[in-house]
Amino acid sequence: MRYFALKKGCTIVTPSIRIAQSLLALKHEILFIGGLIQKKGSTTTGAFALDNLRHVKIDTAFMGTDGFKDCQGPTTFSFQELSVKQKVIEQSKQKILVCDRSKFFKTGTYPFARFSDYDKIITNPIDPKEKAMIDSAKEIVIA
């Protein structure tokens, strides 16, 4: 969120109630995609959300994951989030996966992309074995 405080005049598209609320004080336009609210995670999903996403072109998508142990890409535990995440990837020019080291040891039920679909993966310090898991991404940023 600190990144957005440094920027001005962005249009931020999000299915997350928490993210939308946290960005309200900044001088950005917030486009909340709406849809069926998932209580766990406070995100929106479903046909309404997908239909709204079809009408939006996204310059840069920042996405999270529930984990990716023994997988070729990020996963989610939520079947409802699966199609929304895939639509965001489809509608985005640049795709950035943001995850901490704990995601290397967890796996969700539903894969929604491959690491090679991402322009960047941003994570905290990882060891060489963990880096090898995600090396098909175009760029890995250790922050």
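This section describes the overall build of the chain and then several of its residues. The model is predicted.

The protein chain contains five helices and 10 strands. Its radius of gyration is 15 Å, close to the 15 Å that the globule rule gives for 143 residues, so the chain is as compact as a globular protein of that length. Along the principal axes, the C-alpha atoms fill a box of roughly 40 × 35 × 25 Å. Of the 143 residues, 38% count as buried. Contacts were also sorted by sequence separation. Among those with a separation of 6 or more, 55% join residues 24 or more positions apart.

The surface and the charges were examined next. The protein chain exposes about 8600 Å². Carbon and sulfur atoms supply 56% of that area. There are 22 positive and 14 negative side chains. The centres of these two sets lie 4 Å apart.

A polar atom of the Asp-119 side chain lies 2.7 Å from the backbone nitrogen of Lys-95. Leaving aside residues up to four places away in sequence, Asp-119 touches Lys-93, Gln-94, Lys-95, Lys-138 and Glu-139.

Asp-117 is found in the loop between β8 and β9 as well. Its relative accessibility is 30%, so Asp-117 counts as partly exposed. The side chain of Asp-117 reaches the backbone nitrogen of Arg-114 at 2.8 Å. Beyond residues up to four places away in sequence, Asp-117 touches Lys-95 and Lys-138. Asp-117 and Gly-73 are 44 residues apart in sequence, yet their C-alpha atoms are 8.6 Å apart in space.

Backbone angles were then considered. Most residues other than glycine have a negative phi. Ser-42 is not a glycine, but its phi is positive, at about 50 degrees. Ser-42 sits in the loop between β3 (36–38) and β4 (43–45). The relative accessible area of Ser-42 is 16%, which is under the 20% cut-off, so Ser-42 is buried.

Asp-70 also has a positive phi without being a glycine, here of about 60 degrees. Asp-70 lies in the loop between β5 (58–63) and β6 (75–76). The relative accessible area of Asp-70 is 71%, which is over the 50% cut-off, so Asp-70 is exposed. Thus Ser-42 is buried, whereas Asp-70 is exposed.

Two helical positions complete the account. Glu-130 lies in helix α5, which covers residues 128–133. Although its side chain is counted among the negative ones, Glu-130 is buried, with a relative accessible area of 4%. Glu-130 touches Arg-101, Phe-104 and Phe-105, apart from residues up to four places away in sequence.

Ser-83 is found in helix α4, which covers residues 79–91. At 28% relative accessibility, Ser-83 counts as partly exposed. Ser-83 and Lys-8 are 75 residues apart in sequence. The C-alpha atoms of Ser-83 and Lys-8 are 30 Å apart in space.

Notes: Residues are numbered from 1 along each chain as its sequence is written. This is a predicted model: local features need pLDDT of at least 70, side-chain atom pairs count only at pLDDT 80 or more; totals for chains, interfaces and linings use all residues. Side-chain values use heavy atoms; hydrogens and water are left out. Helices (H or I, at least four residues) and strands (E, at least two) are DSSP runs, numbered from the N terminus. The radius of gyration is taken over C-alpha atoms; the globule rule is 2.2 Å times the number of residues to the power 0.38. Buried means under 20% relative accessible area, exposed over 50%, partly exposed in between (1.4 Å probe, protein chains only). Contact means heavy atoms within 4.5 Å. Accessible areas come from the Shrake-Rupley method with a 1.4 Å probe; for residues, only the protein chains shown count as cover. The place of a charge is taken as NZ of Lys, CZ of Arg, CG of Asp or CD of Glu. A polar contact is a pair of N or O atoms within 3.5 Å; within protein, one must be able to donate a hydrogen and the other to accept it, and residues adjacent in sequence count only if both atoms are side-chain atoms.
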